[in-house]
Amino acid sequence: MYEFVLFIHSWLRWVISIFLILVLFRSISGWRQKTPYAKKDKVLGGILVGFTHLQLIIGLVLYFALSPITHSALNNMGFAMKNASLRFWAVEHIFTMLIFVVLVQLGRTLSKRSKDEVKKHKTVAIYTGIAVLVLIAGMPWSFRKEIGRPLFMDFQTKAQQ
């Protein structure tokens with residue numbers, strides 16, 4: 001079960017990344033060109049938020065129920081904080097991803113409250129841009145020692161920790 005859920009979690013990050021880039025580029029473009037906030041912008045933003053929330057739920061299931069890594073870390077946080085790999089999975093990854101979810105949601109919520117079309121684009125651009133940076137910082141990139149995961153996990157790939 002763990003491997004299957006981890007596989008879904010791993011691949012869903014790429015779906016989110018695609019929508020994140022689409023939303024970011026459309027919002028920057030709309031902000032700079034002062035174009036109306038179109039239905040397509042609303043739909044893309046809604047899809048991004050939906051997939052982001054789904055990813056959060058899957059991540060929390062992994063974190064609290066399925067992951068042997070976080071289970072080990074949560075059983076001995078003192079040791080986990082001294083171990084770079086355990087600290088990443090127990091604290092750093094979940095903390096940055098929670099910030100990411102909040103930023104994506106804030107961008108959408110605050111833009112919906114604005115009456116000004118250009119300000120909607122600006123709000124989404126700023127929050128989504130910061131979210132991209134947080135996402136980059138919190139992902140277990142394959143080149144990162146001790147915590148790296150394959151960029152494209154297959155179902156047979158086991159967690160490397």
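1. Basis of the note. The model is a predicted one, in which local features need pLDDT of at least 70 and side-chain atom pairs count only at pLDDT 80 or more, while totals for chains, interfaces and linings use all residues. Residues are numbered from 1 along each chain as its sequence is written, and side-chain values use heavy atoms, with hydrogens and water left out.

2. Overall make-up. The protein chain has six helices and zero strands, where helices (H or I, at least four residues) and strands (E, at least two) are DSSP runs numbered from the N terminus. Along the sequence this gives the pattern α-α-α-α-α-α, and the C-alpha atoms fill a box of roughly 50 × 30 × 25 Å when taken along the principal axes. Of the 161 residues of the protein chain, 43% count as buried; here buried means under 20% relative accessible area, exposed means over 50%, and partly exposed lies in between (1.4 Å probe, protein chains only). Among contacts (heavy atoms within 4.5 Å) between residues at least 6 apart in sequence, 72% join residues at least 24 apart.

3. Packing of α1 with α2. Helix α1 (residues 2-33) and helix α2 (residues 39-66) pack at an angle of about 155 degrees, and their axes are 9 Å apart, which makes α1 roughly antiparallel to α2. For these values, axes are lines fitted to C-alpha atoms, for helices over the stretch in contact, and angles run from 0 to 180 degrees between N-to-C directions; angles under 35 degrees count as roughly parallel, over 145 as roughly antiparallel, 65 to 115 as roughly perpendicular, and the rest as oblique. The crossing of α1 and α2 is left-handed, a term used if the near helix is turned anticlockwise from the far one by less than a right angle, with right-handed used if the turn is clockwise. The residues of the contact of α1 with α2 divide into 19 nonpolar, five polar and four charged, with Ala, Val, Leu, Ile, Met, Phe, Trp, Tyr, Cys and Pro counted as nonpolar, Asp, Glu, Lys and Arg as charged, and the others, Gly among them, as polar.

4. Packing of α1 with α6. Helix α1 also packs with helix α6 (residues 117-138), at an angle of about 140 degrees and with the axes 8 Å apart, and the crossing of α1 and α6 is left-handed. Among the residues that make the contact are L20, L24 and W31 of α1 and V124, A125 and L135 of α6. The residues of this contact divide into eleven nonpolar, six polar and two charged.

5. The two sides of α3. In helix α3 (residues 68-75), the buried residues are I69, T70 and A73, and they cover an arc of only 85 degrees around the axis, which puts them on the same side of α3; the arc is that of the directions from the helix axis to the C-beta atoms. What covers these buried residues includes α1, α2, α4 (77-82) and α5. The face turned away from the buried side carries the exposed residues H71 and N75.

6. A buried arginine. R13 has its place in helix α1 and is buried, with a relative accessible area of 10%. Not counting residues up to four places away in sequence, R13 touches Q55, M139, P140, P150, L151 and F152. The C-alpha atoms of R13 and L151 are separated by 9.9 Å, although these residues are 138 residues apart along the chain.

7. H93 is found in helix α5 (residues 84-113) and is buried at a relative accessible area of 14%; leaving out residues up to four places away in sequence, H93 touches H9, F88, G138 and P140. M97 also has its place in helix α5 and is buried, with a relative accessible area of 16%. Apart from its neighbours within four places in sequence, M97 is in contact with V134, L135, G138 and M139.

8. Positive phi values to check. K34, in the loop between α1 and α2, has a phi near 55 degrees, a positive value in a residue other than glycine, and K34 counts as exposed at 62% relative accessibility. E146, in the segment after α6, has a positive phi of about 70 degrees although it is not a glycine, and E146 counts as exposed at 54% relative accessibility.
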